[in-house]
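My plan is to look things up one at a time and jot down what turns up.

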Amino acid sequence: MASEWNKGVPHHAMCCIDRLVERFSITSDHSILDVASGTGILLSRLTDLQIHPRSYAAIDISSKMLNQLALHFPGTRTCCLDFEKDVTLDEPFDLVIIYNSIPHFQNLEAVFRNAHQNLNNNGKFVIAHSRTRAGLKEHHEKIGYVSPIDPIPSDRRLVQLSKKYHFQNVMLQDEEFFCYCGEKKRGEN
């Protein structure tokens with residue numbers, strides 16, 4: 001499905017990326033770790049918006065998805081890794097972003113730990129989905145999918161993980177789309 005993946009991205013999903021760019025003031029001065037990047041939807045939209053991160057790395061568990069990303073964005077740093085296992089890259093990032101992929105993760109402890117250890121001080125960990133929790137549940141019902149876990153973790157669980165992994169200034173939104181953000185404060189290793 002990797003070669004056809006980008007064709008199925010709804011316009012609304014791209015608009016949500018625009019909102020994230022605005023909300024977090026993302027510019028070309030930032031370094032971004034795109035977790036579960038797939039074929040590069042986030043990078044594609046950033047490019048459309050003329051935002052070229054100072055440093056960008058894409059992580060995905062699927063080498064075929066990363067091959068598609070590299071086909072469209074030659075020279076992009078890609079890492080075929082499982083973010084639910086220990087991941088430490090050779091540089092920290094200003095933003096670690098999981099966009100439209102949180103339902104694929106079961107080991108949130110590892111996800112939060114990896115996000116924290118791959119962020120600069122004052123960096124932001126962002127989990128966003130173009131659907132709300134209710135919207136995603138409705139979508140899953142339409143396609144007959146029953147998830148063994150909450151596709152988007154509860155606020156309670158996200159706050160608990162934020163405390164455990166020392167993310168501060170936590171922001172949660174679940175209205176037009178879902179968005180979580182936690183900041184790694186200086187001295188929180």
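**Overall make-up.** I began with the inventory: six helices and seven strands make up the secondary structure of the protein chain. One thing to keep in mind throughout is that this is a predicted model. Going along the sequence, I read the pattern as α-β-α-β-α-β-β-α-β-α-α-β-β. I also looked up burial for the chain, and 47% of its 189 residues are buried. Then I checked contacts between residues at least 6 apart in sequence: 67% of them join residues at least 24 apart.

**The sheet.** Next I asked myself in what order the strands of the sheet lie. I found an open sheet of seven strands, ordered E3-E2-E1-E4-E5-E7-E6, and the pairing is mixed. At the edges sit strand E3 (77-80) and strand E6 (167-174), each pairing on one side only. From one strand to the next, the twist averages 15 degrees. A reminder to myself on the background: strands of a sheet pair through backbone hydrogen bonds, either parallel or antiparallel.

**Strand by strand.** I then went through some of the pairs.

- E1 and E2 run parallel, and five bridges join them. Here I noted Asp34, whose bridge partner in E2 is Ala58.
- Strand E1 (residues 31-35) also runs parallel to strand E4 (residues 93-99), with four bridges between them. Ile32 stands opposite Leu95 in E4, and Val35 has Ile98 of E4 as its bridge partner.
- E4 and E5 are parallel too, with six bridges. Ile98 turns up again here, standing opposite Ile127 in E5.

**Buried or exposed?** I wanted to know how many residues of E4 are buried. The count is seven of seven, so I wrote E4 down as mostly covered, buried meaning under 20% relative accessible area. Strand E2 (residues 55-60) is mostly covered as well, with six of its six residues buried.

I then turned to helix H6 (residues 155-164), which lies across E5, E6 and E7. H6 runs at about 165 degrees to E6.

**Helix H2.** Which residues of helix H2 (residues 41-48) are buried? I listed Ile41, Leu42, Leu43, Arg45 and Leu46. The buried residues of H2 pack against H1, E1, E2, helix H3 (63-72) and E4. After H2 comes Gln50, and its phi is positive, near 65 degrees.

I searched the whole structure for cavities of 30 Å³ or more and got one. The largest cavity holds about 40 Å³ of space. What lines it? My list for the largest cavity reads Ile17, Leu20, Phe24, Ile26, Leu42, Ile97 and Val126. Sorted by class, that lining has seven nonpolar residues, no polar ones and no charged ones. Leu42 was already on my page as a buried residue of H2.

Arg23 is in helix H1 (residues 11-23). Why is Arg23 called partly exposed? Its relative accessibility is 33%, which falls between the 20% limit for buried and the 50% limit for exposed, so Arg23 counts as partly exposed. Leaving out residues up to four places away in sequence, I found Arg23 touching Met171, Gln173, Phe177 and Cys179.

Ser62 sits in the loop between E2 and H3. Ser62 has a relative accessible area of 25%, so this residue is partly exposed. I also looked up how far Ser62 is from Asp82: the two are 20 residues apart in sequence and 8.9 Å apart in space, C-alpha to C-alpha.

Conventions
Residues are numbered from 1 along each chain as its sequence is written. This is a predicted model: local features need pLDDT of at least 70, side-chain atom pairs count only at pLDDT 80 or more; totals for chains, interfaces and linings use all residues. Side-chain values use heavy atoms; hydrogens and water are left out. Two strands pair if DSSP finds at least two bridges between them. Helices (H or I, at least four residues) and strands (E, at least two) are DSSP runs, numbered from the N terminus. Axes are lines fitted to C-alpha atoms, for helices over the stretch in contact, and angles run from 0 to 180 degrees between N-to-C directions. Contact means heavy atoms within 4.5 Å. On a 1 Å grid over the protein atoms alone, a cavity is a set of points where a 1.4 Å probe fits but cannot get out, and a pocket is an open set with protein on both sides within 12 Å along at least five of seven lines; lining residues have an atom within 4 Å of a point. Grid points are joined across faces, edges and corners, and a volume is the space filled by probe spheres set on the points. Ala, Val, Leu, Ile, Met, Phe, Trp, Tyr, Cys and Pro count as nonpolar, Asp, Glu, Lys and Arg as charged, and the others, Gly among them, as polar. Buried means under 20% relative accessible area, exposed over 50%, partly exposed in between (1.4 Å probe, protein chains only).
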